[in-house]
Amino acid sequence: MLKKLALATAIAASMGANAADQVEVLHWWTSGGEAAALNVLKDDLGGNGVTWQDMPVAGGGGEGAMTVLRARVTANNAPTAAQMLGFDIQDWGAQGAAADLNDVAAAEGWDAVVPAALQRFSKYDGKWIAAPVNVHSTNWVWANKAIFDELGLGMPLNFDQLVDALDAIQAAGYTALAHGGQAWQDATLFDSVVLATGGVDFYRKAMIDLDEAALGSDTMKMAFDRMAKLRSYVDDNFSGRDWNLASSMVINKEAGMQIMGDWAKGEFLNAGQTPGEEFLCFRFPGTAGAVTFNSDQFVMFAVGDDRQSAQGQMAKAVLSPSFQSAFNVVKGSVPARTDVSDADFDACGKKGMRDLADANMNGSLLGSMAHGHAAPAAVKNAVYDVVTAHFNGEFSSDDAVAELVAAVADAQ
Ligand code: GAL
């Protein structure tokens with residue numbers, strides 16, 4: 001009898017310990033490269049006795065994940081942490097659903113090492129509510145090196161040269177541009193095209209200040225014309241295709257290039273490829289010197305006392321320098337702290353880190369509209385709608401400009 005009781009007590013204690021050591025994490029990292037990066041985090045936490053309860057919600061850009069998260073919090077069943085982008089973090093801060101991470105932040109010295117451009121999203125009302133795990137940027141092109149070599153193509157430096165390269169690839173019988181027709185992917189192209197067409201000040205005025213004159217300008221019309229031009233290089237089956245399948249087309253030499261954020265690099269690496277050998281990375285032509293960024297952050301939700309210790313451990317782990325290097329090397333992104341060495345990063349990662357530091361110094365670090373760092377969700381979604389409808393031929397460029405001005409005004 002006594003033995004039985006002791007056993008029951010031991011089991012109860014171990015169950016209690018398990019619950020306390022667990023983090024439940026909601027995220028949208030379901031592609032091969034993303035899952036590989038997530039494993040770095042799971043293993044890191046596992047090594048510290050924290051177990052991982054996975055809550056994946058597929059869908060690049062995270063729209064699906066945000067819908068599930070809202071339902072969970074409404075049902076009073078918030079996860080320990082949720083992957084989140086930019087303005088969405090601020091929305092949750094305003095709703096008072098987030099935990100207060102100021103103690104961890106102070107103990108770990110986050111204020112001194114996390115760039116201000118990220119802190120602006122991680123903190124609400126002076127309180128750290130999220131731990132940034134990376135910095136991605138959207139103005140990249142990923143190219144198949146064998147195709148470039150075969151056709152004698154160099155790195156295009158402006159839009160006309162990009163078009164020449166796409167023409168050559170198409171003429172050789174490849175799909176010139178690997179793309180997936182989903183609103184967030186179309187909008188990811190739009191980040192680069194707006195920046196290349198109008199430059200840094202124009203991007204800031206239109207996408208961040210939401211200035212009506214910039215949104216309705218001839219420059220914006222030209223950006224839409226360029227989107228239509230890019231549309232002419234995608235294959236017939238592009239509708240609804242996931243971004244990682246578009247990456248695979250470049251990896252497998254079916255397509256010449258993909259215009260995508262540097263999470264795409266995670267797919268190339270996961271396929272065993274190396275930059276400069278099987279694939280090339282370069283900034284979207286005409287955007288060199290500027291960076292349209294987004295940062296994945298883990299928003300920590302207010303949870304019961306029993307779950308707070310594991311939550312704090314996760315927050316601490318996410319921003320530790322060694323983890324920031326190990327994780328971002330795999331993910332394709334760059335560290336969310338300024339003091340991490342680039343020694344373990346490949347050529348694209350080293351360039352990404354340099355570009356980020358330079359852009360930060362030169363005032364050309366811009367929040368990505370497509371990935372939630374230029375404007376709140378309502379505006380972002382309004383931009384998605386117009387960009388996608390135009391990309392699919394529903395609007396002329398003139399109409400798209402007018403629709404964009406109206407939709408952005410309505411959404412505010
Ligand atoms: C982005 C996110 C990246 C990557 C991508 C595709 O919004 O920041 O980490 O996951 O979506 O899923």
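The C-alpha centres of domain 1 and domain 2 lie 26 Å apart, in a model that is predicted. The domain assignment of the protein chain gives each domain two segments, with domain 1 covering 22–136 + 294–352 and domain 2 covering 138–291 + 369–411.

**Contact between the domains**
- The contact between domain 1 and domain 2 draws on 27 residues from domain 1 and on 26 residues from domain 2.
- Together, domain 1 and domain 2 bury about 2,200 Å² between them, and 58% of that area lies on carbon and sulfur atoms.
- On the domain 1 side, Phe87, Asn294 and Cys348 are the residues that lose the most area to domain 2, together accounting for 24% of what that side buries.
- Between domain 1 and domain 2 the count is one salt bridge.

**Helices H10 and H18**
- Helix H10 (residues 183–208) and helix H18 (residues 377–391) have axes that come within 9 Å and cross at roughly 90°, which means that H10 is roughly perpendicular to H18.
- On the H10 side, the residues that meet H18 are Ala183, Trp184, Asp186, Ala187, Leu189 and Phe190, while H18 contributes Val383, Tyr384, Val387, Thr388 and Phe391.
- Sorted by class, the contact of H10 with H18 comprises nine nonpolar residues, one polar residue and one charged residue.

**Salt bridges**
- Side chains of opposite charge can pair when their charged atoms come close.
- The count of salt bridges in the model comes to eleven.
- One of them joins Arg72 to Glu24, with the closest N and O atoms 2.8 Å apart.
- This pair links distant parts of the chain, since Arg72 sits in helix H3 (residues 63–74) and Glu24 in strand S1 (residues 22–27), with 48 residues separating the two.
- A salt bridge also forms between Asp346 and Lys265, whose closest N and O atoms are 2.9 Å apart.

Definitions and conventions. Residues numbered from 1 in each chain as written. Predicted model: local features only at pLDDT ≥ 70, side-chain atom pairs only at ≥ 80, totals over all residues. Heavy atoms only, no water. Axes fitted to C-alpha atoms, helices over the stretch in contact; angles between N-to-C directions. Helix = DSSP H or I, 4+ residues; strand = E, 2+ residues; numbered from the N terminus. Parallel < 35°, antiparallel > 145°, perpendicular 65-115°, else oblique. Contact = heavy atoms within 4.5 Å. Nonpolar A, V, L, I, M, F, W, Y, C, P; charged D, E, K, R; others polar. Domains from an automatic or database assignment. Buried area = accessible area lost by both parts, 1.4 Å probe. Salt bridge = Lys/Arg side-chain N within 4 Å of Asp/Glu carboxyl O.
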